[in-house]
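Please work through the exercises below with the sequence and the 3D view side by side, trying each task before reading its solution.

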Protein chains: 2
Amino acid sequence: MKIKVLKDILGANEQIAERNRRLLDSNNVFAVNLMSSPGAGKTSLILETIKRLKGKTKIGVIEGDVSSTLDAEMIGKEGVPVIQINTGGECHLDANMLSSALSNMPLKDIELLLIENVGNLICPAEFTLGEHKKVLISSIPEGDDKPFKYPLMFHKADAVLINKIDLLPYLKFDTGGFSQAIKGINAEVEIFQISCATSQGIEQWVSWLLTQMSRRQS
Amino acid sequence: MKIKVLKDILGANEQIAERNRRLLDSNNVFAVNLMSSPGAGKTSLILETIKRLKGKTKIGVIEGDVSSTLDAEMIGKEGVPVIQINTGGECHLDANMLSSALSNMPLKDIELLLIENVGNLICPAEFTLGEHKKVLISSIPEGDDKPFKYPLMFHKADAVLINKIDLLPYLKFDTGGFSQAIKGINAEVEIFQISCATSQGIEQWVSWLLTQMSRRQS
């Protein structure tokens, strides 16, 4: 008798991710995996995106955190369906966690799914969830050396949002050098400068997002 | 024949950490494990600490990063012994990595060892290295909700440094509520408000550090 052995955790994760992607596609839901350091602005970006797309695009949100439901409560006030995943101690979401969340999400009622990953620049880059696009939020106060320190995350991102651009006058940050470093790792990536505090650049981000959605659906 | 099985990774890590601690103690070296999110100011704090203690305390530094030697190069310019650990993809240092670094560090020539862990608020909290104190740097731009989202890290810290306090005028951050939340998780913790940009609070931090060192040695 042949014994089947699952190749490895990442291999098993890929299979579940593929299933998630098919489920999303069959429901015409476009899913974005939002990743960043703790406090770089994932939740603020989701709130800004909901505000801009209110009445235009039906959004659902999945919140990933080691602990607490703070972000989900904040998102819930916006009147969109939201599910909180608490990973317990895991430092990233995986496809299986997303699969559980999807079975609780009213997929027929949404067009865009924003998935907030756990705040961490390392492990989330290794685990695909079944999303259509990976978006990295990198904020000015974190410093401009991050592409060199966390290359995989920058390599995997389809778009990088440089957030908290309103703090530029108070901090040393070379946006030109930063963008150049990112392009060195990932030539195809889209880069946006944004501020969730002042709404600067949010329109460009949302416009890119809608373009990606319509390309997928056509 | 009895087969010995290592209980688990954390159990094995504890044993190596204990060996590291004995090695440090036998050399009269006091070791501090510095943890934080990416870009919260670990390297800046090390640089400020070296500056304050120049000519008073002999310092060695171990730099932990997934990738790059940027921080070690910066520290090296200060004329202190420094070793870079690149974890490859691991999201935290472990006792075994510290053990390798210690065997390359001139322990006889130093009194204080500052260990910069990988930028991550989750996994580093789970892996003791053999250090005498764990210090968490949490920065204002990250937001004041972090104790609820990363409770283990705040629970394990002997001291929390609230860094980038100079940015308070430009951000929403409730320092009172933040400190209260930390104390709720960890009543014994020391909390300092600092700015590595303006040097505010660095003297209090260094004074606390020296007190801990002298207590350990007496």
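Two exercises with worked solutions follow.

This is a predicted model, in which local features need pLDDT of at least 70 and side-chain atom pairs count only at pLDDT 80 or more, while totals for chains, interfaces and linings use all residues. Residues are numbered from 1 along each chain as its sequence is written, chains are lettered from A in the order in which they are written, and side-chain values use heavy atoms, without hydrogens and water.

**Exercise 1.** Compare the radius of gyration of chain A with the value for a compact globule of 218 residues.

*Solution.* Start with the rule, which takes 2.2 Å times the number of residues to the power 0.38, the radius itself being taken over C-alpha atoms. For 218 residues this puts a compact globule near 17 Å, and chain A, with 17 Å, agrees. Next, turn to burial: 58% of the residues of chain A count as buried, that is, under 20% relative accessible area with a 1.4 Å probe and protein chains only, whereas exposed means over 50%.

**Exercise 2.** Find which residues of helix H7 (residues 175–185) of chain A are buried, and how they are arranged about its axis.

*Solution.* First, the buried residues are A:Thr175, A:Phe178, A:Ser179, A:Ala181 and A:Ile182. Seen down the axis of H7(A), they fall within an arc of 160°, so they line one face of the helix; the arc is that of the directions from the helix axis to the C-beta atoms. The face turned away from this buried side carries the exposed residues A:Gln180 and A:Gly184. Finally, the cover over the buried residues of H7(A) includes strand E5 (133–139), helix H6 (151–156) and strand E7 (190–193) of chain A, where helices (H or I, at least four residues) and strands (E, at least two) are DSSP runs numbered from the N terminus.

Technical notes:
Contact means heavy atoms within 4.5 Å.
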